[in-house]
Amino acid sequence: MYSIYGIFAVFFEKYVGLETFQTGIALVLNTAIVAIFQIPLWRLMESWRRTRILVLGACFFMLGSLGFILSFSGPTAGLAMVLVSVTLFTFGELCHAPASDSLIAALAPAHLRGTYMSVQSLTWCIGLTIGPILQGRFLDAERPGTMWGLFLLLLAVAALGLLVLERRPPASVNRPRSRTDLPQSE
């Protein structure tokens, strides 16, 4: 999902009809939301299960993806719908990154925490390699609705998977806590 930012300009200009400066407004909005809301949002969710935060993030991503479909194909097309969609997508980011990182760190035995975090980074690298290629192919084939629809489907499967598996990790692992509370190495 994060690799999508690389094709936003093409999508916004070719399929939504935005000007380059309007695409810039959408990307600045993303940065501003992260800067303003990251800490307050996490304070609000500090007692939630990490898996539930990830599901909420997936829901935001799904709503943002649906908004992007509507931005070029519905009566709400244009800059306003793009800004709403970017806002929803950004709240997905705000939920996802910290929750996934802290869940991986909490799941890992102390002596393997570096390895677990490295494997997680590797999965991101694979996604950041494959994602832009697939996204570019969808856009070149004039199928942006299929691309966003596929995102919706994959996000729904991921959210359902998280809900099914959320009881497997111990509550102490699935609840956010401070970095200093993580088990120390022996």
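## T20, out on the surface

With a relative accessibility of 56%, T20 counts as exposed, where buried means under 20% relative accessible area, exposed over 50%, and partly exposed in between (1.4 Å probe, protein chains only). You will find T20 in helix α2; helices here are DSSP runs (H or I, at least four residues), numbered from the N terminus, and strands would be E runs of at least two. Now look for G161: its C-alpha atom is 38 Å from that of T20, and the two are 141 residues apart along the chain.

Please keep in mind that this is a predicted model, in which local features need pLDDT of at least 70 and side-chain atom pairs count only at pLDDT 80 or more, while totals for chains, interfaces and linings use all residues. Residues are numbered from 1 along each chain as its sequence is written, and side-chain values use heavy atoms, with hydrogens and water left out.

## Salt bridges across the chain

How many salt bridges are there? The count comes to three, a salt bridge being a side-chain nitrogen of Lys or Arg within 4 Å of a carboxyl oxygen of Asp or Glu. One of them joins E142 and K14, whose closest N and O atoms are 2.9 Å apart. This pair links distant parts of the chain, with E142 in the loop between α5 and α6 (144–165) and K14 in helix α1, 128 residues apart. K14 is partly exposed, because its relative accessibility is 46%. E142 has another feature to look at: its phi is near 60°, a positive value in a residue other than glycine. For background, most residues other than glycine have a negative phi.

With R49, the closest N and O atoms are 3.6 Å apart; E166 sits in the loop between α6 and α7 (171–174), R49 in the loop between α2 (20–44) and α3, and 117 residues separate them. E166 is buried, as its relative accessible area is 5%, and R49 is buried at 18%. The side chains of R52 and E166 also meet in a salt bridge, at 2.5 Å from N to O. R52 lies in helix α3 and E166 in that loop between α6 and α7, so this pair ties together parts that are 114 residues apart in sequence. R52, at 37% relative accessible area, is partly exposed. Through shared partners, the salt bridges join R49, R52 and E166 into one network.

## Aromatic rings

A search of the whole structure finds 18 aromatic pairs. Rings of Phe, Tyr and Trp (its six-membered ring) pair if their centres lie within 6.5 Å; planes under 30 degrees apart count as stacked, over 60 as edge-to-face, and the rest as tilted. F8 and F68 make a tilted pair, 5.2 Å from centre to centre and with 50° between the planes.

Are F8 and F68 buried or exposed? Both F8 and F68 are buried. They also belong to one aromatic cluster, whose members include F11, F12, Y15, F61 and W148.

## The nonpolar cores

In soluble globular proteins, nonpolar side chains tend to be buried together. A nonpolar core is a set of buried Ala, Val, Leu, Ile, Met, Phe, Trp, Tyr and Cys residues joined through side-chain atoms within 4.5 Å. The largest one here has 26 residues, and I4, F11, F12, F68, M147 and W148 have the most contacts inside it. Helices α1, α3, α4 (79–107), α5 and α6 each give two or more residues to this core, and the largest share, six residues, comes from α3.

Apart from this core lies another, of 14 residues, including I53, F91, L94 and A106.

## A nonpolar patch outside

L122, I126, I130 and L134 form a nonpolar patch on the surface, with about 360 Å² of accessible area together. Patches are made of residues with over 30% relative accessible area and no salt bridge, joining like charges within 9 Å and nonpolar side chains (Val, Leu, Ile, Met, Phe, Trp, Tyr) within 5 Å; the areas come from the Shrake-Rupley method with a 1.4 Å probe, and for residues only the protein chains shown count as cover. I130, which lies in helix α5 (residues 113–140), is partly exposed because its relative accessibility is 43%.
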